[in-house]
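This briefing gathers selected local features of one structure, grouped by topic. Please read it with the coordinates open beside the text.

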Amino acid sequence: QVQLVESGGGLVQSGGSLRLSCAASGIIFRLVTGDWYRQAPGKQRELVASISRVGSTNYADSVKGRFTISRVSATDTVYLQMNNLKPDDTAVYYCHVGSTAYWGQGTQVTVSS
């Protein structure tokens with residue numbers, strides 16, 4: 001049984017930083033693509049960042065230069081370091097395993113202006 005557990009969300013002021021974590025069980029993260037998505041109220045869920053099996057990364061244009069996705073294989077954990085946060089980054093952030101139906105429960109990120 002695959003489980004993805006996110007943590008690290010919270011309330012931060014504009015310009016601040018947060019680091020999200022996604023701990024996996026039942027799946028080996030280094031063998032799959034790990035993604036972070038987000039969904040703001042009234043908007044569709046969007047892909048924020050992804051990291052492939054070989055460590056290649058991709059980012060949404062809106063977060064390039066501010067967010068960094070990484071993976072620690074020894075602990076099967078994927079991280080999303082978010083710097084210079086803006087109010088538009090406010091959303092529920094979800095961890096996902098690429099090309100599967102496996103999602104985490106989500107963690108709320110709120111950025112105040």
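Predicted model: local features only at pLDDT ≥ 70, side-chain atom pairs only at ≥ 80, totals over all residues.

Arg38 has a relative accessible area of 6% and therefore counts as buried, since the limit for that class is under 20%.

**Salt bridges around Arg38**

- A search of the whole structure finds four salt bridges, and Arg38 takes part in one with Asp89, in which the closest N and O atoms are 2.9 Å apart.
- Because Arg38 belongs to strand 4 (residues 34-39) while Asp89 sits in the loop between strand 8 and strand 9 (91-97), this pair ties together parts of the chain that are 51 residues apart in sequence.
- Both partners of this pair, Arg38 and Asp89, are buried.
- Salt bridges with shared partners join Arg38, Asp89, Glu46 and Arg66 into one network.
- Arg38 also forms a salt bridge with Glu46, where the closest N and O atoms are 2.7 Å apart.
- Glu46 has a relative accessible area of 34%, and it is therefore classed as partly exposed, a class that lies between the 20% and 50% limits.

**A further salt bridge**

- Lys64 and Asp61 form another salt bridge, with the closest N and O atoms 3.1 Å apart.
- Asp61 counts as exposed because its relative accessibility is 66%, and the class requires a value over 50%.

**The largest pocket**

- The volume of the largest pocket is about 150 Å³.
- Its lining is made up of Arg38, Gln39, Ala40, Lys43, Gln44, Glu46, Asp88, Thr90 and Ala91, so that Arg38 and Glu46, which form a salt bridge with each other, are both among the lining residues.
- By residue class, the lining of the largest pocket divides into four charged, three polar and two nonpolar residues.

- Asp76 lies in the loop that runs between strand 7 (67-72) and strand 8 (77-82), and its relative accessible area of 15% places it among the buried residues.
- Leaving aside residues up to four places away in sequence, Asp76 touches Cys22, Ala23, Ala24, Ile27, Ile28, Phe29 and Arg30.
- Ala74 has its place in the loop between strand 7 and strand 8, and with a relative accessible area of 79% it is exposed.
- Although Ala74 and Phe29 are 45 residues apart along the chain, their C-alpha atoms are separated by 9.6 Å.

**Positive phi angles**

- Most residues other than glycine have a negative phi.
- Asp76, which is not a glycine, has a positive phi near 50°.
- Ser99 is likewise not a glycine, and its phi is positive at about 60°.
- Ser99 is placed in the loop between strand 9 and strand 10 (107-112), where its relative accessibility of 82% means that it counts as exposed.

Note on methods
Residues numbered from 1 in each chain as written. Heavy atoms only, no water. Helix = DSSP H or I, 4+ residues; strand = E, 2+ residues; numbered from the N terminus. Contact = heavy atoms within 4.5 Å. 1 Å grid on protein atoms, 1.4 Å probe; cavity = no way out; pocket = protein on both sides within 12 Å on 5 of 7 lines; lining within 4 Å. Points joined across faces, edges and corners; volume = space filled by probe spheres on them. Nonpolar A, V, L, I, M, F, W, Y, C, P; charged D, E, K, R; others polar. Buried < 20%, exposed > 50% of the residue type's maximum accessible area, 1.4 Å probe, protein only. Salt bridge = Lys/Arg side-chain N within 4 Å of Asp/Glu carboxyl O.
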